Amino acid sequence: MKKKFTKDNACPCGSGKPYAACCEPYHVGTVPQDAVTLMRSRYTAYVFQLEAYLLATWHASTRPASLDLADDAGIKWISLQVEGAGSSENSAWVQFTARYKVNGKAGKMTEKSRFVREEARWYYVDGDVT
């Protein structure tokens with residue numbers, strides 16, 4: 001039997017904090033104060049298929065019209081590891097590896113994501129997947 005996720009469970013982003021004290025506040029309106037926090041909250045949004053949050057935190061210059069996350073229902077996100085980050089006042093990068101399973105088969109993706117800050121908000125711009 002699959003365990004039901006609650007807000008007291010550890011956040012999927014890997015912080016070790018409960019979801020309610022970690023990414024949930026960002027998903028309901030708190031603005032992430034740095035690119036790493038935004039990236040972690042976006043990973044968790046992919047885990048929970050929160051398309052509206054993902055689109056709202058994607059820079060308008062590169063934002064797709066939709067993500068069709070229902071098409072990704074077979075993906076189970078397993079873990080996130082932040083491997084590096086750097087920032088200046090209004091731009092940042094975060095490199096991470098996300099592990100997942102598709103139809104029981106393990107995989108991983110590594111991305112170096114780019115972010116910009118406009119009007120005191122960080123936005124995901126794009127990334128290079130390796």
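**View 1. Thr57 in the loop between helix H3 and strand E1.** In this predicted model, Thr57 belongs to the loop that links helix H3 (51-56) with strand E1 (75-87). The relative accessible area of Thr57 is 5%, and because the cut-off for a buried residue is under 20%, Thr57 counts as buried.

**View 2. The surroundings of Thr57.** Leaving aside residues up to four places away in sequence, Thr57 touches Leu38, Arg42, Tyr123 and Tyr124. With Arg42, the side chain of Thr57 also makes a polar contact of 2.8 Å.

**View 3. The hairpin of strands E2 and E3.** Strand E2 (residues 91-102) pairs with strand E3 (residues 105-118) in the antiparallel sense, over twelve bridges. One example of a bridge is that of Gln95, whose partner in E3 is Lys112.

**View 4. The hairpin of strands E3 and E4.** Strand E3 also pairs with strand E4 (residues 121-129), again in the antiparallel sense, here over eight bridges. The hairpin has two residues between its strands, and Glu119 takes a positive phi near 50° in it. When looking along a strand, recall that in a regular strand the side chains alternate between the two faces of the sheet.

Methods. Residues are numbered from 1 along each chain as its sequence is written. This is a predicted model: local features need pLDDT of at least 70, side-chain atom pairs count only at pLDDT 80 or more; totals for chains, interfaces and linings use all residues. Side-chain values use heavy atoms; hydrogens and water are left out. Two strands pair if DSSP finds at least two bridges between them. Helices (H or I, at least four residues) and strands (E, at least two) are DSSP runs, numbered from the N terminus. Buried means under 20% relative accessible area, exposed over 50%, partly exposed in between (1.4 Å probe, protein chains only). A polar contact is a pair of N or O atoms within 3.5 Å; within protein, one must be able to donate a hydrogen and the other to accept it, and residues adjacent in sequence count only if both atoms are side-chain atoms. Contact means heavy atoms within 4.5 Å.
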